[in-house]
Amino acid sequence: MAQFKSNIKEAISNWNKKNPTLRKKTVGSIADELGVSSSALSQIDSNNSANQFQKHCAVIFDSKDKQKQIENFNLYKKLDIPIIKRLARICEILECEIYDVIKKIK
């Protein structure tokens, strides 16, 4: 089974590069917007629900087609799953897609 890891720090860095005149975002500022701690955000893929995270990502990234990944994620967003809601909010804040926030490592 494929393994997935959060790529939030890189997504934040990309947002900061695209928006050099705006106030820089950090893991802490994103965590504040989400109402969680920085460590909880940094460990989104390795906390108690890491197994569920891996299963959800396996479905979302089932296809190599980025458009299909977006469609899968949009379907997931309709469900009441806390980790998916958090990832969706991160994507909104950073103005990016799910494949910018999560990467496949195996």
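Does K85 count as buried, partly exposed or exposed, and at what relative accessibility? With a relative accessibility of 46%, K85 counts as partly exposed. The model described here is predicted.

## Salt bridges

The structure holds 4 salt bridges. Side chains of opposite charge can pair when their charged atoms come close. One of these bridges joins K85 to D80, with the closest N and O atoms 2.6 Å apart. Whereas K85 is partly exposed at 46% relative accessibility, D80 counts as exposed, because its value of 62% lies over the 50% cut-off.

E33 takes part in two of the pairings described here: a salt bridge with K25, in which the closest N and O atoms are 3.6 Å apart, and a salt bridge with R89, at 3.9 Å from N to O. E33 lies in helix α2 (residues 27-34) and R89 in helix α6, so the E33–R89 pair ties together parts of the chain that are 56 residues apart in sequence. K25, E33, R89 and E92 are linked in a network of salt bridges.

## Accessibility within the network

K25 counts as buried, because its relative accessibility of 16% falls under the 20% cut-off. E33 is partly exposed, with a relative accessible area of 40%, and R89 also counts as partly exposed, at 34%.

## Charges over aromatic rings

The charged end of K25 sits over the ring of W15, 4.7 Å from the ring centre.

## The aromatic pair

A search of the whole structure finds 1 aromatic pair. The pair consists of F4 and F61, which are stacked, with 5.5 Å from centre to centre and 25° between the planes. F4 belongs to strand β1 (residues 4-6), while F61 lies in the loop between α4 (50-60) and α5 (66-77), so the pair ties together parts that are 57 residues apart in sequence. Both F4 and F61 are buried.

## Helix α6

Helix α6 comprises 13 residues (82-94) and reaches 18 Å from its first C-alpha to its last, close to the 18 Å expected at 1.5 Å a residue. Its buried residues are I83, I84, L87, A88, I90, C91, I93 and L94. R89, which lies in helix α6, is by contrast partly exposed at 34% relative accessibility.

Just after α6, the backbone at E95 takes a positive phi of about 50°.

I8 lies in helix α1 (residues 8-18). I8 counts as buried, because its relative accessibility of 5% is under the 20% cut-off. Leaving aside residues up to four places away in sequence, I8 touches L41, I44, I90 and V101.

The C-alpha atoms of I8 and T26 are separated by 9.7 Å, the two residues being 18 residues apart along the chain.

Terms used
Residues numbered from 1 in each chain as written. Predicted model: local features only at pLDDT ≥ 70, side-chain atom pairs only at ≥ 80, totals over all residues. Heavy atoms only, no water. Helix = DSSP H or I, 4+ residues; strand = E, 2+ residues; numbered from the N terminus. Buried < 20%, exposed > 50% of the residue type's maximum accessible area, 1.4 Å probe, protein only. Contact = heavy atoms within 4.5 Å. Phe/Tyr/Trp six-rings, centres within 6.5 Å; stacked < 30°, edge-to-face > 60°. Lys NZ or Arg CZ within 6 Å of the ring centre and 35° of its normal. Expected span 1.5 Å × (residues − 1). Salt bridge = Lys/Arg side-chain N within 4 Å of Asp/Glu carboxyl O.
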